[in-house]
Amino acid sequence: MSVPRLVIAAPSSGSGKTTVATGLMAAFAARGLAVSPHKVGPDYIDPGYHALATGRVGRNLDAYLCGPELIVPLFAHGAQGCDLAVVEGVMGLYDGAAGQGELASTAQVAKLLRAPVVLVVDASSQSRSVAALVHGFASWDTGVRIGGVILNKVASDRHEALLREALEESGVPVLGVLRRAAQVETPSRHLGLVPVAERGAAAVAAVAAMGAQVSAGCDLDALMGLARSAGALPGGGWSPAEALSLPTHDHPSRSAERRGDDGNAARRRPVVAVAGGPAFTFSYAEHAELLDAAGAEVVTFDPLRDERLPDGTRGLVIGGGFPEVYAGELGANESLRKEIAELALGGAPVAAECAGLLYLCRELDGAPMCGVLDASARMSEQLTLGYRDAVAVGDSVLAVAGTRMRGHEFHRTVLEPGAGPAPAWGIVAPARRVEGFVQQGVHASYLHTHWASEPGVARRFTERCRTS
């Protein structure tokens, strides 16, 4: 596969990667190009802005959760048929999983993708020193090709002239200069940026401003030329059906299954309801694709607005998000809470991660939740953040006992108790403990996982939906 591509990186967090990456996506999309958006790491929020900029699903590339071997296939899957791919990095260019060397770093992903890197530098408090910084990043790992620099937060024409003069000695070209602009700033709170789904028109305006700023301040032709310098990638794109080892033709058509024309009710596509809306914005696109390939009919619902589950719901997936922000509204939707409780307590398969775990508890910050789990949750000042190695403690609707998966925790809530009589996971690293709940058909945990790393999860869940 060969698609022009760029990796947008920075020396550290807070340098402006999201603004530049999203702005580039919007600017190139405005030129009529099909732009494929990607994000390094487990971040769920930035891909929402990427999707708004490009009109395509934002996808994650996480070498820790999925393994380095899946980075190119997942990238090719998302970028198929596109004119350009833009990959936003995570943290600083060489920062990855703690204590794991380059694993899960932007640098590792750039090398795997054989993609040139554009370094976004916050130049607000430096002039000639910028050359030393860029030289250091460009020479640290010869396997990483830094093809240019975009200078961010430049104060004035004089400041720009000093920066450009200094960088002439580094040999790394300046591909853009951006001034401070209030219009492109996005509000943050306890877990980072406020998601697109919560901002509505304000998010649309912010992305448009990013595109306009980048178009005015960057050399788009030079950036496209750099992207085209990336060579072909080996192998093909990831396929949900192939990942499940299921030929596409093994499944009857959706229309036939809805009508029952195959003569076998057990083979009809079970409806899997997936929580969405402003309170549940965290999901990986590949999860729904795997469920679909496994034979499920995926239907999204909004727990803030929908008073009932989708018709015919046989299973439920509740991913991450911000239920703590909407606890009162979620609690007020009593009819939906009762229906979810009835579904879960009746043995239907339910997969809940982080926000979904909180939603299944008795209460969250005093607001009533679904009451499926005998636990209560509250906000905390302490941030729990990091990658985890985990093993399934017992059999569940997602996995058999002993299944190993890698996950990620990211929350500021506390659950009491933190685990049920049958825990969901045993955390192997960085510290040994058990967490989460398995009861009847429910699997609920703080751990965010990427099912592309263990596609059998989707098949097992779908089969349980079909037979429960």
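The model you have open is predicted.

**The overall count**

Start with the whole chain in view. A salt bridge here pairs a side-chain nitrogen of Lys or Arg with a carboxyl oxygen of Asp or Glu within 4 Å. By that rule, the count comes to 22 salt bridges.

**Stop one: Asp221 and Arg31**

Select Asp221 and Arg31. Their side chains form a salt bridge, at 3.0 Å from N to O. Now look at where each residue sits. Asp221 belongs to helix H9, residues 220-228. Arg31 lies in the loop between helix H1 (17-30) and strand E2 (35-40). The two are 190 residues apart, so this pair links distant parts of the chain.

Is Asp221 buried or exposed? Asp221 is exposed, because its relative accessibility of 54% is over the 50% cut-off. Arg31 has a relative accessible area of 47%, so Arg31 counts as partly exposed.

**Stop two: Arg305 and Asp302**

Next, select Arg305 and Asp302. Their side chains meet in a salt bridge too, with N to O at 2.6 Å. Show the surface and check each partner. Arg305 is exposed, at 57% relative accessible area. Asp302 is buried, because its 12% relative accessibility falls under 20%.

**Stop three: Asp311 and Arg308**

Move to Asp311 and Arg308. This salt bridge spans 3.3 Å from N to O. Asp311 is exposed, and Arg308 is exposed as well.

**Last stop: a network**

Which residues are linked in a network of salt bridges? Select Asp157, Glu160, Arg164 and Arg179 together. Salt bridges join these residues, Asp157, Glu160, Arg164 and Arg179, into a network.

Terms used: Residues are numbered from 1 along each chain as its sequence is written. This is a predicted model: local features need pLDDT of at least 70, side-chain atom pairs count only at pLDDT 80 or more; totals for chains, interfaces and linings use all residues. Side-chain values use heavy atoms; hydrogens and water are left out. Helices (H or I, at least four residues) and strands (E, at least two) are DSSP runs, numbered from the N terminus. Buried means under 20% relative accessible area, exposed over 50%, partly exposed in between (1.4 Å probe, protein chains only).
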